[in-house]
Amino acid sequence: MKRILAVLGMVLFCSLGAVAQNRLITGIVADAENKGVVAASIEVQGKPFNAITDAEGRFKMNVPEGKVTLNVSSIGFASKQVVLQENENRVSVVLLENTQELKDVVVTSFGVKKQKKSLGYAVGELKGDELTKNKEINLGNALQGKIAGVNVSAPVSGPSGSSRVVIRGATSASGLNQPLYVVDGIPIDNSQQGNANMWGGADKGDGMSSFNPDDIASMSVLKGSAASALYGYRGSNGVILITTKKGKAGTGLGVDFSTNSTFNTPASLLNWQDQYGTGEPLNGVATRYNNLQQLRDNYYNAWGDRYDGTPSLSLDGKNRPYQAYGNNNVENFYRTGYSFSNTLAISGGNETTNFRLSFGNTKDESILPGTNFGRNNIALNLNSAVNEKISIETNAQYITEKSHNRPYLNDSPRNASFPTTFLTPGTDIRWLSNGYDANGGEADYFGSNTYQTNPYFATQQPLNDDLRKRFIGSAKVNYNITDKIYAKGVIGIDDINYEYTEIEPTGINYNPGGSYENRVESRSEYNASGYLGYKGDIAKNLSLDAFVGANRQHNRYSGIKMKGNNFIVPFKYFYGNTQPDKTEKLFSESEVNSLFYSADIGYKDFLYVNLTGREDWFSTLDPSNNSTFYPSVSTSFIYSEIIKLPEWMSYGKIRAGWGNVGGALPDAYALALTYTAPDGQTDSQGQPILGVNGETVPNKFLKPYNVSTIEFGFENTFFNNRVSTDLTFYQKKTTNDITDADISQASGYKTTKINVGEIMNKGVEFAINVKAIKTPVFSWSIGYNFAYNHSEVLNLSDNITTKKLDDNRDGKASVVLEKGQPFGTIKAYDYLRDAQGDIVLDTNGKFLRGNLINVGQGVAPTAMGLSNDFSYKNFTLSIFVDAKFGGEIYSATNQLGARYGLSEETLAGREGGIVVSGKDINGNPVNTTVSAYDYWRSYSDVSSNFVYDADFVKLRAVSFSYNFPKAYLAKTPFQSISLAFSAHNLWTIYDKVPNIDPESNYSNSNAQGLERASMPLTRNYGVTLNVKF
Amino acid sequence: MKNKFIKIFCITIVGAMTLTSCDKGFEEMNKNPNALTDPAVKSMFTLAEIYVDGQDYSNTRGNNGYAGQIVQHFASLGGPGSKYTYVAEYSGSLFGESYGKGLNQIFQLMSVVKDAPENSNMVQALRIMKVLMFQKLTDTYGEVPYFEAGKGYNGNVFTPKYDTQEAIYNDLLKELDEAGDALDAGKGFVGAADLYYQSDVSQWKKLANSLMLRVAMRLSKVNPAKAQQYVEKAVAKGVFTSNDDSLVLQHDAGPAGVRTNPITSSWVRNDLNGGEANIKFSKTFIDLLKNNNDPRLRIYAKLEASGDNNPANQQGLANDAKEFPGGDKKLFSDPNTSTVLRLDAPTLLMSYAEVQFILAEAAVKGWNVGGTAQKYYEDGVKGAMQELTIFGDKVPAVSTAEYNTYIAAHAFKSAGTEAEKIEQIITQKWIVLLFNGFEAFSEYRRTGFPVLVPVNDPIGETKGTIPRRLIYDQSELITNAANYKEAVSRQGLDVMTTRIWWDK
């Protein structure tokens, strides 16, 4: 293989000398009504010449001498082939409208464009305009509800946070289960920089926040193993291919300017009771706190007596009438955030070369005071057909991202949301707005709750900063050796420099000395690959589109982490001003080499078979065990070409695919035992000491886990292509999943990683598109997609049947993997019950905590999206609704709300108690009256009471736009102007969770379905202006 | 220009793909440049010696929390060893820590050095250290994984089988015998990296034989003939002959961690608290020393709050106490922080005195150990008193005159019954074994001495009887269930009252 490429390379260079003479042709592409078709693509068959039509449908391009065949295509139209004789230099093409799915060209593995009808697997697609209608800072989140089988759930951490995209269910207990992202053919980094867990933390973002939606032409989602098989060990969670916008040949210079302003308002759903104040029962009588220390230590306890307006102690030490002040604490503390983004793109080209250069800028001020995010993007795309045989394409992006005070979540000290959520209604949060004591440290409003930070102090102090500078570049050379054989070389790099600083400021109550941590790291991946391909007919009615290739992937990570404590000079936040604590060097380097092939064989125009194979060699595995083969086979049969279908049915296709891919490559250096000084102590009695490092046995036989998917699909169109449907069934099985297995300590170690886990996902995906009305002035189209995925953990390891993913901090609920249960099952405590299953009370009538039971799953198995697009003359209106069903969420906000007497439900029994009747553990009857305090607190111990159906239907996005008519612009420099208004998260049409949004999960790990003191979600209102010169 | 660029570009691509095979250089790349993958064996040996003493976890929880309180060296109000309650992390602490730290270090080092002839003496020393650790383990729990243990990395045995205690003891004796013989003064050792004996091979031989005494004597109840055979064999091969031979591990003054005294570090840091410690000397221990006018008491004990080490003012806490009599914790004795409870206080892993008491017992039994019980007893008591100089000179050492007074008052009961003699010997040994609760616990179970009054507290798990073992680490139920169940089915229920093989 390698030798062939070497020879090929030589041939390639020797032939570069001769550059053929070209001829210029001009033409126009129009529709049936003789209106010019904008952005239609014209390619010379078998040659690297192409052009795109301008706003009037006109194009100019160079073509080789002699007779040529032009392929003319445009989205929404049937492609057409036009033969141009050697003396013809003008051409006029009429394209007929068609249902776009049928003749669409889609981007598949390695950026190879294929006709959609030839594919034996499902590929989801999203066009660039879908991304810009409602801009998301994190590109991953833009996929929400748009493509069947793509489940998006972002932690509630604001616009600069990460996304969580899971395609057709999670495949692995050990991996992150997120897809591989590939931009213009180059795999890019999507590492999470940090995540909130049981003890808190911040969502420090991921790699998908780097991209400017205005630069994206399309996204293509390879869902199953057959589609992603050419990505081998990286294909297990699907692949998302992102194509950036390119310049257009022969269009002259064009300038596009887009500006967007969006306002984000906090949408609090908290609805606490406002009748009883801060306090607790004293000798059985609900009593307000009259002692400041006690009040502060228990500031969240709303078990006092009923508000009566008499003077009473407040958290800030003042006396005020005893009444509710804090119904709008959340709104009063948070602010209206805004996002502001601009993109200026210059594009153009002549007959052989085109380019697009864009500058993007995004600034976001979060609803959380003090928190902001900024991003600058520069993108350059440059393509050139050097001669008739050689064309090059280059892409470069330089991105800087800067974030200040990313919010701390869940149980973190410095989580401003915690006190904001749990202040009793008797406190107006603005009373705490002087967050400082006399020394400039944190004011003491919360007494012994030192780990709960004053929200004003927390948001005014520097807490964290990060800066990421990123270069993503690629270069491709295509060489057509003959009109059927081509060679291609691609190199690409994703190079990231990242600096993160975390500060515990001077005077913060839980650590008054403060601390400073700094991490500086660089992370890079480069890929170099070569291909040799054949595209053409090999016999009558038999076509072949095939290539062989090789890829080298090199990853390097290097960083330094330093930490210091106790600022020597208070309030001066830099490393040199600390007592240094620890410095760590972080490093790893690894490589994967691959050989691969792909062959598409087509018979006539109705039967296609695609075969692929890829062998990966890994540097991080033991040499005796370092390669794996990943095959796939798929087929497409267009039966409507050979069977006479009823008149109303226009098109019918059946597809089937099977593929085998991998995931979670073991880390570098995990094969060998290492040695280190124990506890950082290097000697005893003057003698150096050295010990075995770690409690995990390196497993030499560890491999990436394996996923194989089998899928069947049915594509149909009806009523002259007005209605199109796509139905897919799949079964995806993970084997050899990597499990962190606890082993007998008598082995010398506590854990090892072994390939034993098995997980099954089965599901169905359905999409339908209807062009309900289509007249020259008015059109209405409807798109609906639905997906259901059932997951089941088949095996974890030989000796464990349950593995904890994470716990919640309060009330004892966790997310686990359990044999026989769905991936990410939520466990919580039931009531104590007797043998008959009846609830058992204690002798005082209180509830008792019983067994841990399975109460649901954190990831909704059913998800759907419905879009309605209307256009009337120059107006368009898009309405997008999405929904999820079948998932659950454990809400610690509600659990604590009941415990603290904040929930509305705890009003029951405040006066006179609650009469209970039942039996005790010995079966003796219990008939008594329990105080509301005892009743609701014992109720709150039963954590399963706070697991809710997280079903929702949301009016996710509405956008309304107006295109200024061409006639108005004729005398202006503008080619087009459009103005759009959009709104996001406008209305929750249906949900069942009190006090919080059903999408309030705090983690982007596999432990989905846990919520606690979350930031409010936002409603977003934006306006966008697009101008073309 | 453009063509030239393309040529260079293509050469780069094709070159990159063709120059190497598909996994060339991978092995080299996967060597961690920021970690040691080849160990410095001498430094590993030094750490292994430290680990043999146990670390903070097993000493705080297993030794002080259970064994030292069961044998009534120490006492606390709610301590599991005082009231015979079950606290999983305390009971299992010796199990996980022994395998995870000391034994793993020993096994891994052995796997690295075993084939190199120049390391022969190191290998023998490691075998001896392994015996020291395994005997403590099996004495504490009964059956434990032995032959398949420590093979997680070298052999990928993740669920090692438990072995019968008899099989383990047979091998311990064999190992000591072979290792002692194979030690060769003519071969190199590790120089100053040997913290025990600074690479004096003859000392190591004496250690192997002295340890053989300890191992063999433990079989006196279950297999007296074998006990006698190996005790006599050990004596013939040569055991400790003076305090200079004792196995003493020196510690550093800080910072607290692997190199400081493992008992002291957490006791002083967390528990001592200016005399407010929860663990105090037991009334049993203090009263015995006080009643005997034992000159060691001033070295062992003081009232931390006042710094008073006057023996007359020392007071122990009764093991059955539910609260501090008088209500003031500070009036109860703590280990002396000037001597035995310093961060750099040495650990007496095996003493000359202990050897003398084993020999005295053997002589009482009429075995051929080349001396009289009385002589061994007196040498033992004298050695035990003089040995305390290892704890420094902050408190005056025991003088010869004081010894003479003591031995005159507590002369060997030559005319007594065998049981009386053994009680006298083992009671002295019990004092020497202060801070080595595990060994004292084993000897109590073997001999029944010293006579202890059991605590009968309703929260206890033993119905008022002194425990006969500790409960296995509970992780074994999950990670090694089949082998655990097999061991329990052979040995008896996994409870504190089950007697292990040599205790039947």
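With 504 residues, what radius of gyration does chain B have beside that of a compact globule? This is a predicted model, and in it chain B has a radius of gyration of 26 Å, which agrees with the value near 23 Å that a compact globule with 504 residues would have. For chain A the corresponding figures are 31 Å in the model and near 31 Å for a compact globule with 1029 residues, which also agrees.

**The two chains**

The overall values of the chains are set out here.

| Property | Chain A | Chain B |
|---|---|---|
| Residues and radius of gyration | Chain A: 1029 residues, 31 Å | Chain B: 504 residues, 26 Å |
| Buried residues | Chain A: 51% | Chain B: 55% |
| Helices and strands | Chain A: eleven helices, 58 strands | Chain B: 21 helices, eight strands |

Of the contacts in chain A with a separation of 6 or more, 69% are between residues 24 or more positions apart, and in chain B the share of such contacts that falls to residues 24 or more positions apart is 74%.

**Confidence in chain A**

The mean pLDDT of chain A is 90, and 97% of its residues score at least 70. Among the elements of this chain, strand β54 (residues 947-949) of chain A has the highest mean pLDDT, at 97, whereas helix α1 (residues 2-14) of chain A has the lowest, at 40. Over residues 1-21 of chain A the pLDDT stays under 50, although the model has 36 contacts beyond four places in sequence for this stretch. Where pLDDT is low, the predicted coordinates should not be read in detail.

**Contact between the chains**

In the contact between the two chains, 64 residues come from chain A and 65 residues from chain B. On the side of chain A that touches chain B, the largest share is supplied by α1(A), with seven residues. By class, the residues on this side of chain A are 32 nonpolar, 22 polar and ten charged.

**Domains**

Chain A is divided into domain 1, covering 2-98, and domain 2, which is made up of the segments 129-267, 336-414, 463-824, 859-887 and 950-1028. The C-alpha centres of these two domains of chain A are 34 Å apart.

Chain B is likewise divided into domain 1 (41-253 + 345-503) and domain 2 (268-335), and the centres of domain 1 of chain B and domain 2 of chain B, taken over C-alpha atoms, are separated by 26 Å. Where these domains of chain B touch, 22 residues of domain 1 are in contact with 24 residues of domain 2. At least two residues on the domain 1 side of this contact are supplied by each of α4 (56-70), β1 (74-75) and α17 (400-409) of chain B. That side of domain 1 of chain B has twelve nonpolar, eight polar and two charged residues.

**Strand pairings in chain A**

Strand β43 (residues 751-774) of chain A pairs in the parallel sense with strand β40 (residues 696-697) of chain A, to which two bridges join it. With strand β42 (residues 723-742) of chain A, β43(A) runs antiparallel over 18 bridges. Both pairings involve A:Thr752 of β43(A), which stands opposite A:Val697 and also opposite A:Ala741.

A further antiparallel pairing, over 16 bridges, joins β43(A) to strand β44 (residues 778-795) of chain A, and here A:Phe766 stands opposite A:Phe786 in β44(A). With three residues between them, β43(A) and β44(A) form a hairpin.

Strand β18 (residues 254-267) of chain A runs antiparallel to strand β23 (residues 337-349) of chain A, joined by eleven bridges, and A:Ser261 has A:Phe340 as its bridge partner in β23(A). Twelve bridges also join β18(A) to strand β58 (residues 1017-1028) of chain A, again in the antiparallel sense. In β58(A), A:Asn1020 is the bridge partner of A:Asn264.

Methods: Residues numbered from 1 in each chain as written. Chains lettered and ligands numbered in written order. Predicted model: local features only at pLDDT ≥ 70, side-chain atom pairs only at ≥ 80, totals over all residues. Pairing = 2+ DSSP bridges. Helix = DSSP H or I, 4+ residues; strand = E, 2+ residues; numbered from the N terminus. pLDDT = per-residue confidence, 0-100. Contact = placed C-beta atoms within 7 Å. Nonpolar A, V, L, I, M, F, W, Y, C, P; charged D, E, K, R; others polar. Rg over C-alpha atoms; globule rule 2.2 N^0.38 Å. Buried ≥ 20, exposed ≤ 12 C-beta atoms within 10 Å, placed from the backbone. Domains from an automatic or database assignment.
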